[in-house]
Amino acid sequence: MLPNVDSEQRDQAGSGFQRVLVRTGSNKHTLPDLPYDFGALEPVICREIMEVHHQKHHNAYVTNLNAAEEQLKEAVAKNDASKIIQLGSALKFNGGGHINHSIFWKNLSPDRSDPSAELKKLLDRDLQGLDNFKKEMKAAAVAVQGSGWAWLGYNKKTKALQVAACPNQDPLEATTGLVPLFGIDVWEHAYYLQYKNLRPNYVDAIWDVVNWKDVSERLAKAQ
């Protein structure tokens with residue numbers, strides 16, 4: 001599902017992604033703490049999945065992103081254009097993995113919440129309501145071939161909500177221009193230990209732990 005964004009938005013988003021990731025001095029990206037216990041999302045997502053997902057997978061993206069940025073600094077200092085270009089895929093993959101998961105953890109919560117009035121209004125206007133939005137998100141998530149993400153994004157140009165899918169760890173804003181509000185990780189490491197090959201069941205279940213307060217706050221900031 002390709003979001004309706006123009007090339008200028010994608011170019012601007014891409015340059016912004018590079019500005020965010022490239023750091024100077026000794027600053028390093030760090031693994032954010034989960035805002036809840038590893039077992040807090042059970043029975044929707046089990047403790048083992050959350051612990052491995054956060055401590056192993058997200059941590060690997062952070063580690064590899066820091067390593068890629070160190071190599072990038074060296075390549076820039078040496079004016080090594082070939083190396084700079086070569087590092088693009090590692091920065092995109094690991095930087096995207098870090099960005100995506102940092103959003104994902106906050107998008108989920110053991111505490112029940114509801115969409116804000118503004119989010120409900122836009123869901124009704126742009127996506128024919130909450131129930132239809134869930135259907136569109138499920139369709140996008142299930143349709144991802146291999147690994148990737150389904151997203152609810154905000155298009156600043158049209159001031160509208162859109163459902164989109166991204167492959168691998170491609171970050172939504174950097175690759176489409178849409179501001180990420182809510183994402184569903186459909187890499188197998190996010191669900192396979194518990195749901196096996198039944199990705200649709202995982203997507204159906206995740207709505208019980210959506211942090212609508214966080215999603216609503218992201219919309220308010222995007223606007």
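This is a predicted model: local features need pLDDT of at least 70, side-chain atom pairs count only at pLDDT 80 or more; totals for chains, interfaces and linings use all residues.
Local features required pLDDT of at least 70 and side-chain atom pairs pLDDT 80 or more, while totals for chains, interfaces and linings use all residues. Residues are numbered from 1 along each chain as its sequence is written, and side-chain values use heavy atoms, leaving out hydrogens and water.

Helix H4 (residues 88-107) packs with helix H10 (residues 212-222) at an angle of about 125°, their axes being 8 Å apart. Axes are lines fitted to C-alpha atoms over the stretch in contact, with angles from 0 to 180 degrees between N-to-C directions; helices (H or I, at least four residues) and strands (E, at least two) are DSSP runs, numbered from the N terminus. Ser-102, Ile-103, Lys-106 and Asn-107 of H4 meet Asp-214, Val-215 and Arg-218 of H10, where contact means heavy atoms within 4.5 Å.

Turning to the strands, E1 (residues 148-155) pairs with E3 in the antiparallel sense over six bridges, pairing being at least two DSSP bridges between two strands. Leu-152 has Phe-182 in E3 as its bridge partner. In E3 (residues 179-185), seven of seven residues are buried (under 20% relative accessible area; exposed is over 50%, partly exposed in between; 1.4 Å probe, protein chains only).

The whole structure holds nine salt bridges (a side-chain nitrogen of Lys or Arg within 4 Å of a carboxyl oxygen of Asp or Glu). One of them joins Asp-37 to Arg-47, with the closest N and O atoms 2.7 Å apart. Asp-37 lies in the loop between helices H1 and H2 and Arg-47 in H2, so this pair links parts 10 residues apart in sequence.
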